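The following exercises concern the interface between two chains. Please examine the sequence and structure shown below before working through the solutions.

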Number of protein chains: 2
Amino acid sequence: MKFTCAQSDLNTNLSLVSRAVPSRPTHPILGNILLTVDADTQTVSLTGFDLSLGIRATIGAEIIEAGNLTLPAKLLSDIVSRLPQGEITIATIANDDDEEILTTIKSASGSFQIRAMAATEYPELPTIEEGQTLTIPISVFSDGLKGALFAASADETKQILTGVHIRTSGSAAAPTENLEFAATDGHRLAVVHTSALLSVNTALEEQEGNKSENLTGFALTIPARALRELEKILGAKQEDETLSLHFDDSQIIFDLGDRRLTSRKLEGSYPAYEQLIPDRFSRTLTVDRKRLIGGLELVSVIADQKNNLVKFTLDGEKGQLSLAVDTKDVGNARESMPAEITGTDTEIAFNVKYLMDGLKALAAQEIKMHLNEGTQPAIFTPLGGLKMTYLVMPVQIRE
Amino acid sequence: MKFTCAQSDLNTNLSLVSRAVPSRPTHPILGNILLTVDADTQTVSLTGFDLSLGIRATIGAEIIEAGNLTLPAKLLSDIVSRLPQGEITIATIANDDDEEILTTIKSASGSFQIRAMAATEYPELPTIEEGQTLTIPISVFSDGLKGALFAASADETKQILTGVHIRTSGSAAAPTENLEFAATDGHRLAVVHTSALLSVNTALEEQEGNKSENLTGFALTIPARALRELEKILGAKQEDETLSLHFDDSQIIFDLGDRRLTSRKLEGSYPAYEQLIPDRFSRTLTVDRKRLIGGLELVSVIADQKNNLVKFTLDGEKGQLSLAVDTKDVGNARESMPAEITGTDTEIAFNVKYLMDGLKALAAQEIKMHLNEGTQPAIFTPLGGLKMTYLVMPVQIRE
């Protein structure tokens, strides 16, 4: 195996696929990156895989001798990242020992020899022979992730809640529909309603050139961890490009041409979150988003110390929202700001962290808060921009 | 107690004095910052003190009511750093309880109440009634720290080696002399020879207007930790300002007018380091400093994995320095660069970390390495710039 490629290409893509390499691999070979060197296409594919999440990136290279090989991920990244810009040549040295193959890495400055492992031991990335294919503009998928990903649960025991639920909602007759992204950890819920024309086909239909299938009931739950990596990959792409999703019962593949991410799907039925969102509200409050974030940051200095609780007081006559934090041992904090209020005055308390997460994702200058009583869920929506609903369960105030 | 000051002034100086507040105070009050509010001078002094290192900063303020008070360092810094720019008013609320005093912190936006503790419990910063006073240009002291501080030992059991040794060398007749900074951890030694006119007086002489005292044998060892904080404080000052040192047998005070740092001195006699530096060398090597640093960074990717060892091979005929790292389990690395070499060819090995530390401090485009045999200490000096000597003990190469 021998090839020459650009240091910058190799470096960027090694960082990317290394994200799927486990830091404590259960088997030594999973700590390696698979290099697949293909003479026909004059490309090198780099693969990292932790048996759940897989990332593959393909770069152009001058192939002198085709072959497959795995190299220690961290060591390879460390070396390549410190080599000067320019050409890098990676080659194996003939060796009788199948288990360990000596590999040289050469650039204009510096030369390395490190030990590789044969590719035969490296697990195959999942492939999908049958199943559905979806093509989505990157901008739509990015919007969905931006508005929902943060709300997924970080608690691994909560299984299905550690993922983002993606589904189409609409009638059985429509071949193209809107995609909805939702995530909840039981304390708050974020839902993004995107408006995109999707092309959806089953693999079989594609082959037969048939028209699109009925999509009613189409729904997937994908681990947040995989989607966070996908978000990084999408960030480097043009927003007008498209992303293809291939999936079957257990796996999903996100295909971007030169980059591909595979993940297992989360099993189980996702909570019927739409039932949590109240139909009507007795009060609304419109406020400048940055002003509210600034105020919460300020008063949370005190809240952080203990219970993370902030109390909202709505004063319609003054047109004022007051934030208050009281912590017995530490002290208290007050902050007020102008707000447009409808309905009778009230008080409601929230966990500051949940509010902040949502307010950062609600990308609009002003946001509207809809609420009933202080014990019932409040929802936040942006005025303009992304169509998003953020629901937060209030915390009961003990007097 | 009540005063008004600028948020930016308070914020900057709180960060500064907080560096002397222990993260795990042995007594609760040491986790606080002492505020001394003086109506005569219309200033507020902020003090942090861990019983070894003390930092005091004084800011201008509008004093409404004088007094002393201590406030929790972290909470106060967190609040002030998040308040908007502009005026801040800090005031105590009358309270019968001596132990806990409620304090309000108000700005245009946001208002806080936090619990203070009385200043009476706070320990006094050391003062020096008798002893010597030294006045040094900041630029000289900064140079000394830059070239020596990094070489002090981080091992607290090594006592005197955890400090930087500062001394004057010269004849008894001269009232102004050169200051020398030295630090060693037993594996390497850094010495900076500064050229500055010092004014040195004993406190007694100052009062009586007498001429300067005999300085032969003047020497101090100051904890590196205190000097690292001093370096930060000096960094914010103009290089042409001066720094005053007051010291007695056990304490030293660095005085910059509005900022003051106190530290205990390290006790014990400092090693006679000048005896370690060889008088003559059989070989020299002149090389571009950044090229050498770059080469070491590259090959150390392999060295980092195991024993941190790099081998230098000097080839006078080729005019070439080669760096090599060989690690049985991981692999090997090679890198060569042009160098001007005198003396016979040889090999010598070093701990990469020690070399890198020194090369970063030797601020010149080219550096000169002086050596004898591969088992004897090598010294590095810059060509031009700071007058500095960096000695590194080589590591014996096992073939």
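**Exercise 1: Strand pairing across the interface**

In the antiparallel sense, strand 22 (residues 331–338) of chain A pairs with strand 9 of chain B over four bridges. Strands are DSSP runs (E, at least two residues) and helices are DSSP runs (H or I, at least four residues), numbered from the N terminus; two strands pair if DSSP finds at least two bridges between them. This is a predicted model, in which local features need pLDDT of at least 70, side-chain atom pairs count only at pLDDT 80 or more, and totals for chains, interfaces and linings use all residues. Residues are numbered from 1 along each chain as its sequence is written, chains are lettered from A in the order in which they are written, and side-chain values use heavy atoms, with hydrogens and water left out.

Task: identify the bridge partner of A:N332 in strand 9 of chain B.

Solution: the partner is B:Q113.

**Exercise 2: Extent of the interface**

Task: state how many residues are in contact and how much area is buried.

Solution:
1. In contact (heavy atoms within 4.5 Å) are 28 residues of chain B and 28 residues of chain A.
2. The two chains bury about 2,200 Å² between them, 53% of it on carbon and sulfur atoms; buried area is the accessible area (1.4 Å probe) lost on putting two parts together, summed over both.
3. B:R82, B:L298 and B:V301 supply 26% of the area that chain B buries against chain A, more than any other three residues.
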